[in-house]
Amino acid sequence: FGGAYNSDNGIIGQITIDERNFDIWRFPRSFREIADGTAWRGAGQSFRLELTPGADVERYLVSFGEPYLFNTPISLNVSGYLFTRQYFDWNEQRLGGRVSLGYRLTPFLSVSAGVRAENVEISDVRLPGAAPDLDAVVGNTDLYVGHVSLVHDTRDHPFLATTGSYLSMTFNQGFGEFDYSRGDIELRRYRLMYQRPDGSGRHTLTAGTKLGFTGSQTPVFENYFAGGFSSIRGFDFRGASPVVGDVRVGGEFQWLNTIEYMFPLTSDDMIKGVFFVDYGTIEEEVTVTSENFRVAPGFGFRIHMPAAGIGAPLAFDFAFPVEEAATDEKRVFSFYLGVLR
C-alpha cells in the first residue's frame, strides 16, 4: 500500500500484490493453504497485480512472468492493463496487453521480442480543429506494435547507481491502422569520482542520452514529448514539445541529454545534493534546429529513507532554462514524493 505525488503525474495511490515465487499451477487444496501463503507459490514465477488510482493518471495492471519457459533459458512475460491520463490538450485511455519473450545472453546482456495490442481512446480535445493530426485520432483506435530490443545493464543499483552503464536499443514496427517504424537508443553511464575508505560518501558523475526516430505515419499519441521531471527539467510536463495550433502534438525525433553530478550532504548518505544540465530537442521532423533547442542547468536534492518504506529516493529539483523555444511552458521546480508499506 502506498502513494506518490510528483510534478508530472499529480497525486496517485497504489495497491500492489507482487509475488516473486509464484506457481500458476499450485491451486489451493484447502483454505488453510490460502491463509498460510502456500497456495500459488513455489515455482519461481512472477505475478503482479497493481491498482494505481489518481487524480490525473490511473493505471490498473496484471502481469505474469515465467523465467524458464518449458525448462529453457527463454523467459515469457504477459500483461494486461488499463491506463487513463488527462493531458493538457486531450484525455487518453489505453486498454491493452503485451506478450514478450526474452533471452539472457550473458549476466549483463539480454534480448527480447514481443507485441503490444491496444485500443486507444482520445476524448475531450481542448481545441477541436486546431491540430489535424489530433482530430484524425479522436475516438477509438486499434494499435498494434511489435518490438525487438537489446539491453546491456551493468549498474550497481537501479535508482542510485554509482558505477556501471545502461544501454537499451529498441526497434518497433506499428501495423494495422497505423504502419510506421520507430527506433530508440538510450545510454546512461555512471562514473564513481570519489568515495570514503569504507565505500560510503560516493560522488558520482552521470551522463545520459536518448535518441529516437519514428515514421511520418505515427499517430500523435505515440509521438515524442519532452518536459517534466523525467525528461527536460525546467519545463512543464510535455511543455517542451512541438506545438501546432496551440496544441502540443509532439514530434518524430527526439534527442534528450543530461549531465549530473551527485554527492552526499550528510555522513549517513541519506541526503544527497545534485548539480545537473539537461539539454536537447524534440522536433516535428528528423532534424535539429537552434530555435527548438533547450538547455536547463539546475540543482536538487535526493533523500533516501528505505527504513520508512521509501524505496526510490525523494527528489526535489530546481532548473532554470537558458535556451528554449518560443512556445515552451516553463516550470522551475519539479519533485517526486512516494511511500510504499
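Arg 188 stands opposite Gly 208 in strand 11. This is a predicted model. Strand 11 pairs with strand 10 and also with strand 15. Beyond these pairings, two residues are picked out below: Ser 165, which is buried, and Phe 299, which is partly exposed.

**Strand pairing**
- Strand 10 covers residues 180-194, and strand 11 covers residues 203-214.
- These two strands run antiparallel and are joined over 12 bridges.
- Strand 15 spans residues 253-264 and pairs with strand 11, again in the antiparallel sense, over 10 bridges.
- On that side, Thr 204 stands opposite Met 262 in strand 15.
- In a regular strand, side chains alternate between the two faces of the sheet.

**Ser 165**
- Ser 165 sits in strand 9, residues 164-176.
- Its relative accessible area is 14%, under the 20% cut-off, so Ser 165 counts as buried.

**Nonpolar surface patch**
- Leu 265, Phe 275, Phe 299, Phe 301, Phe 320, Val 332 and Phe 333 form a nonpolar patch on the surface.
- Together they present about 610 Å² of accessible area.
- Phe 299 belongs to strand 17, residues 294-303.
- Phe 299 has a relative accessible area of 33%, between the 20% and 50% cut-offs, so Phe 299 is classed as partly exposed.
- That 33% is also over the 30% required of a patch residue.

Conventions
Residues numbered from 1 in each chain as written. Predicted model: local features only at pLDDT ≥ 70, side-chain atom pairs only at ≥ 80, totals over all residues. Heavy atoms only, no water. Patch = residues over 30% accessible without salt bridge, like charges linked within 9 Å, V, L, I, M, F, W, Y side chains within 5 Å. Areas by Shrake-Rupley, 256 points an atom, 1.4 Å probe, with all protein chains shown as cover. Salt bridge = Lys/Arg side-chain N within 4 Å of Asp/Glu carboxyl O. Helix = DSSP H or I, 4+ residues; strand = E, 2+ residues; numbered from the N terminus. Buried < 20%, exposed > 50% of the residue type's maximum accessible area, 1.4 Å probe, protein only. Pairing = 2+ DSSP bridges.
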